[in-house]
Structure formats: C-alpha cells, structure tokens
There are 2 protein chains.
Amino acid sequence: MPAPAPLERTGPVVARALRVLGAFTSDRCSMTLSEMSRCSGLPVSTVHRIAAELAGWGALERDAHGRYHIGLRLWEIGSLAPRGLGLRESALPFLEDLSQVTRENVQLAVREDTELVFVERIAGSRAVPVLTRVGGRFALTATGVGLVLLAHAPDEVLERVLARPITRFTERTMTDARTIRAALADTRIRGYAVSDQQVTMDALSVAAPIRDSRGDVVAAVSLVVHRSGATPHAVAQLLLTSARAISRALPSATPDQ
Amino acid sequence: MPAPAPLERTGPVVARALRVLGAFTSDRCSMTLSEMSRCSGLPVSTVHRIAAELAGWGALERDAHGRYHIGLRLWEIGSLAPRGLGLRESALPFLEDLSQVTRENVQLAVREDTELVFVERIAGSRAVPVLTRVGGRFALTATGVGLVLLAHAPDEVLERVLARPITRFTERTMTDARTIRAALADTRIRGYAVSDQQVTMDALSVAAPIRDSRGDVVAAVSLVVHRSGATPHAVAQLLLTSARAISRALPSATPDQ
C-alpha cells in the first residue's frame with residue numbers, strides 16, 4: 001500500500017478530479033478533453049490524466065467519438081445517497097398513487113444549501129408543462145416545494161437567499177424580501193405552500209413537507225396543476241395526506257442505518 | 001491555479017478517493033471513518049483527509065452520529081450518466097404503462113462488464129417478490145434481462161462469464177456452459193429471453209432488448225411474474241412491443257448529444 005500523500009498534495013489532486021466531474025451539467029453532459037479543460041479551468045494535460053483515471057474506474061465513459069460522459073459506475077455509487085435514491089424509493093409508491101389519481105405533475109425535492117434538487121418527477125398525462133428535471137436544481141423562492149423547504153430551513157440559509165438577487169420567472173414571481181418572508185410564514189402556519197403563477201403563468205403548485213422520525217423537514221412533495229379551475233385547499237389536503245404517508249415510510253434515522 | 005501534479009502522484013490520490021467512494025455499497029451505505037478505512041484498505045489518516053475533501057465538495061455527507069454516507073451532490077452528478085438516469089427518463093413512461101396494465105414487476109437493466117445493473121424497477125401491486133434494487137448489480141446468467149444482455153454482448157464477455165463460477169440461486173439455475181450457450185442462442189432467435197425459476201422458485205421473467213439508433217442492444221426490459229398461470233409467449237409480445245417503443249424514444253447518438 002502506498003504511504004499516505006502529504007496533506008498539500010492530497011488536497012489539490014482530489015479537488016481537481018472533483019472539478020472535472022463537476023464540470024458536467026445537464027446542458028453539458030458530454031465533453032471532449034479540451035471542453036473539459038475549458039469548463040474545469042484545468043490544463044489539458046491534467047484533465048487528460050485525471051480523465052484516464054476516472055474512466056479506468058468507471059466514473060467517466062468515453063464514446064465512439066472520443067467524448068466523455070458520466071459513467072454508470074458513478075451513477076451506481078450516487079444511487080446510494082440516502083437523500084437521493086433512498087428517499088425516492090420510499091416515496092415512489094405514494095408519488096405514483098398521486099400521479100394516477102390526479103394525472104397531474106408530481107414532484108419530490110430536497111434542499112441543497114440555498115437551492116433545491118428534484119429527486120423525482122412524474123409527468124402527468126394531461127398535465128401542464130413544467131421546467132423541472134430529476135437531478136436538476138431550482139431556486140427555493142419560486143416553487144411550492146422550494147417555499148416548503150425554505151420555510152423550514154435554518155435562518156442563516158434564508159438570509160443568504162435573500163441577500164442575493166432573486167430569480168424572476170414571471171411578472172408574478174415574488175422577488176422582495178418582505179413578500180417572501182410573509183409567504184414563508186403562511187407556509188409554516190398552514191402547513192403547506194402555494195405557488196401561483198410564480199414559475200409559469202398557467203401553473204399553480206401546492207407542496208407539503210416530508211418529515212423524518214425526529215420531525216425535521218427533509219423533503220417536500222408537490223402537485224403542479226393548471227391554475228384555471230384549481231382549488232388549492234382541496235389539492236393541499238391530498239398532498240398533506242400523501243406527505244404524511246411518505247414521512248411514515250421513511251427509514252428511521254438510527255446510527256446503524 | 002496550482003501546477004499539475006506529477007503523473008506518479010496524481011494516480012494514487014485520485015485512485016484512493018475512488019476507493020473510498022467505492023467502499024460504499026447498498027449493505028454498507030453509512031460508515032464511520034474507521035469502517036471506511038477497513039473497507040477501503042487505506043490508513044485512517046488518509047481516509048480522514050480524503051473524506052474531509054469529499055465532504056467539502058458534497059460527494060459525502062456526515063450525519064449527526066459522525067457517520068458518512070454518499071452525498072446528494074454525487075447523486076446529482078451521477079444522474080447525468082446517459083446509461084443511468086438518461087435511459088431511465090426515456091423509458092419511464094413505457095415502464096409505467098407496463099406496470100399499470102399488468103400490475104407485475106417491471107425492470108430495466110444495462111450490462112456493466114460481466115454483470116447487469118438495474119436502472120429502474122417498478123414493483124407491481126400484486127406482484128411476486130423480487131431480489132432487485134435500483135443501482136444494484138446481478139449476475140447476467142440467471143435473469144431474463146441478464147440473458148438478453150449477455151446474448152448481445154461481445155464473445156469475450158461471454159467467455160469471461162463462463163470461465164468463472166456461475167452463481168446458483170435455485171435448483172433450476174443454469175450453471176453449465178452448454179445450457180447457457182443454448183439459452184443465449186434461443187434468446188437471439190426468438191428475440192426475447194425467458195428465465196423460469198432461475199432466481200426464485202415462484203417467479204418467471206420475460207425480457208426483451210432495447211436498441212439504440214444503430215441497432216445495438218443497450219438495455220433490456222423485463223416483466224417478472226408469478227410462474228403459475230403465466231404464458232411466456234403472451235407476456236413476450238407485450239414486452240417486445242414496449243421494448244420497441246422505448247428504443248424509438250431513446251435520444252439518437254450524435255456527436256454533440
């Protein structure tokens with residue numbers, strides 16, 4: 001076994017490998033070495049070496065055109081993330097029930113620092129178009145799931161979100177701190193969030209919190225429906241019931257779990 | 001920006017980080033530093049440094065008990081793997097149709113060297129219990145999806161599979177090379193695979209190939225049903241139709257895709 005590398009050498013090399021992996025996004029899911037170099041800010045020679053190692057392990061794969069994409073092995077390891085596939089596996093039967101009963105868009109999201117990440121999305125067969133993608137990120141301030149997650153986030157997260165420019169999607173998107181704080185207070189009091197025309201002008205989303213065995217909010221589930229004819233309160237009762245069922249189905253957080 | 005590390009130093013460090021990540025499995029999805037050290041074969045001091053870096057980036061997360069698990073950020077990056085979530089997104093509507101029509105277990109798998117990896121699994125509401133898990137691996141020789149993938153794998157993959165001991169799940173599991181070669185030939189001729197009592201004594205699985213735009217088999221889809229009363233030929237027609245629909249829905253492989 002090789003001796004442990006000195007601290008100053010371990011750091012940069014692992015960080016560079018992570019920078020290469022982090023250069024891949026949904027819009028840039030396949031890259032040549034020179035594109036990887038440009039997007040990671042690392043020299044081609046370094047990227048060449050790191051990509052060879054990552055590909056040898058299966059974290060990257062190379063196609064017939066010499067372009068690299070994320071490898072199945074990384075997907076396998078990533079699928080062990082409790083907040084990703086673990087949560088999704090527990091929630092999926094209930095999300096499918098919601099989808100089949102309503103035929104609307106069902107979404108499951110978790111907070112990752114000052115954004116949300118969609119862990120599951122089932123597109124409804126007669127549903128309004130939505131902007132989301134599994135594994136994709138989104139602002140916390142606009143969507144129903146985002147408002148639920150932000151309403152139950154630590155204060156310092158909210159302050160950091162409000163300190164930055166708020167993304168505007170429509171003329172109805174909330175962008176000032178006072179309005180957002182009021183919406184978050186409403187969300188906590190009612191137990192669910194409503195986002196009306198905040199992301200697209202024809203959609204309304206209602207979201208409810210999913211809690212772990214300690215009562216902490218760990219995820220949010222939403223229905224995104226056509227706003228014409230939608231009755232948020234009725235949708236909310238459906239969502240709150242499903243969110244409680246999912247909460248109960250989560251594995252309890254024990255030291256050996 | 002730091003200068004690129006010499007070749008002999010880049011290698012081991014990235015490899016060690018990947019060894020730490022690769023130590024996580026579905027049975028060992030949360031570990032202390034000393035468990036990570038034992039499972040990766042690396043000294044605790046090395047694991048300590050690497051884990052801190054991986055956690056800083058979000059590839060690992062640490063819970064309230066000091067145990068590490070795979071982080072959401074790695075799940076996000078892993079979700080960009082075309083053979084993982086990309087395939088799954090294209091296939092999901094058709095898998096859901098199969099699930100709703102049959103109420104049986106629907107499985108989607110790809111080959112990774114000499115094993116298969118389950119990319120999606122929808123458990124049927126009145127279905128026979130199955131041994132599979134999304135992101136989990138399985139032998140190619142026992143299941144329907146495995147037989148399809150092996151029937152269309154390069155010869156050298158088949159030879160490597162046959163050169164090793166074949167896992168036996170039941171008294172009916174095929175384990176000798178001649179029987180397996182015959183089953184693979186049948187699979188190619190009929191266009192689908194049947195695995196009868198090969199994994200559990202009460203289940204039968206029927207699987208069909210999913211092809212990319214060049215006609216290469218890139219995945220397999222199966223239904224796993226109670227074997228009593230099942231008519232493999234009728235199930236096969238359903239599967240072949242769904243497999244063709246999924247094949248058509250796959251994004252075509254272009255250099256900039």
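**Figure 1. A network of salt bridges links A:Glu61, A:Glu76, B:Arg83, B:Glu112, B:Glu115 and B:Arg137.** The model shown here and in the other views is predicted. Within the network, the side chains of B:Glu115 and B:Arg137 meet with N and O atoms 2.8 Å apart. B:Glu115 belongs to strand 5 of chain B and B:Arg137 to strand 6 (residues 137–139) of chain B, so this pair ties together parts that are 22 residues apart in sequence. B:Glu115 has 30% relative accessibility and counts as partly exposed. B:Arg137 is likewise partly exposed, with a relative accessible area of 33%.

**Figure 2. The contact between chain A and chain B takes 73 residues from chain A and 72 residues from chain B.** A:Leu72, A:Trp75 and A:Leu80 supply 11% of the area that chain A buries against chain B, more than any other three residues. The area buried between the two chains is about 6300 Å², and carbon and sulfur atoms give 63% of this area.

**Figure 3. A:Glu120 pairs with B:Arg88 across the contact between the chains.** The closest N and O atoms of this salt bridge are 2.6 Å apart. Between chain A and chain B the count is six salt bridges, and there are eight residue pairs in polar contact, with both residues at pLDDT 80 or more. Elements of chain A that give two or more residues to the side touching chain B include helix 3 (44–57), helix 4 (72–78), helix 5 (82–102) and strand 5 (115–122). Helix 1 of chain A gives the most to that side, with 13 residues. By residue class, the side of chain A that touches chain B divides into 36 nonpolar, 18 polar and 19 charged residues.

**Figure 4. B:Arg160 and B:Asp113 meet in a salt bridge within chain B.** The N to O distance between the two side chains is 2.8 Å. B:Arg160 counts as partly exposed at 28% relative accessibility. B:Asp113 is also partly exposed, with a relative accessible area of 40%.

**Figure 5. B:Asp216 forms a salt bridge with B:Arg214.** In this pair the closest N and O atoms are 3.3 Å apart. B:Asp216 is partly exposed, with a relative accessible area of 37%, whereas B:Arg214 is exposed, with a relative accessible area of 60%. Over all chains, a search of the whole structure finds 28 salt bridges.

**Figure 6. A:Arg168 lies in the loop between helix 7 (155–163) and helix 8 (177–190) of chain A.** The side chain of A:Arg168 reaches the backbone oxygen of A:Thr170 at 3.3 Å. Leaving aside residues up to four places away in sequence, A:Arg168 touches A:Thr173 and A:Thr175. A:Arg168 and A:Val199 are 31 residues apart in sequence, and their C-alpha atoms are 8.1 Å apart in space. The secondary structure of chain A, to which this loop belongs, comes to nine helices and nine strands. Of the 257 residues of chain A, 53% count as buried.

Note on methods
Residues numbered from 1 in each chain as written. Chains lettered and ligands numbered in written order. Predicted model: local features only at pLDDT ≥ 70, side-chain atom pairs only at ≥ 80, totals over all residues. Heavy atoms only, no water. Contact = heavy atoms within 4.5 Å. Buried area = accessible area lost by both parts, 1.4 Å probe. Salt bridge = Lys/Arg side-chain N within 4 Å of Asp/Glu carboxyl O. Polar contact = N/O pair within 3.5 Å; in protein donor to acceptor, adjacent residues only side chain to side chain. Helix = DSSP H or I, 4+ residues; strand = E, 2+ residues; numbered from the N terminus. Nonpolar A, V, L, I, M, F, W, Y, C, P; charged D, E, K, R; others polar. Buried < 20%, exposed > 50% of the residue type's maximum accessible area, 1.4 Å probe, protein only.
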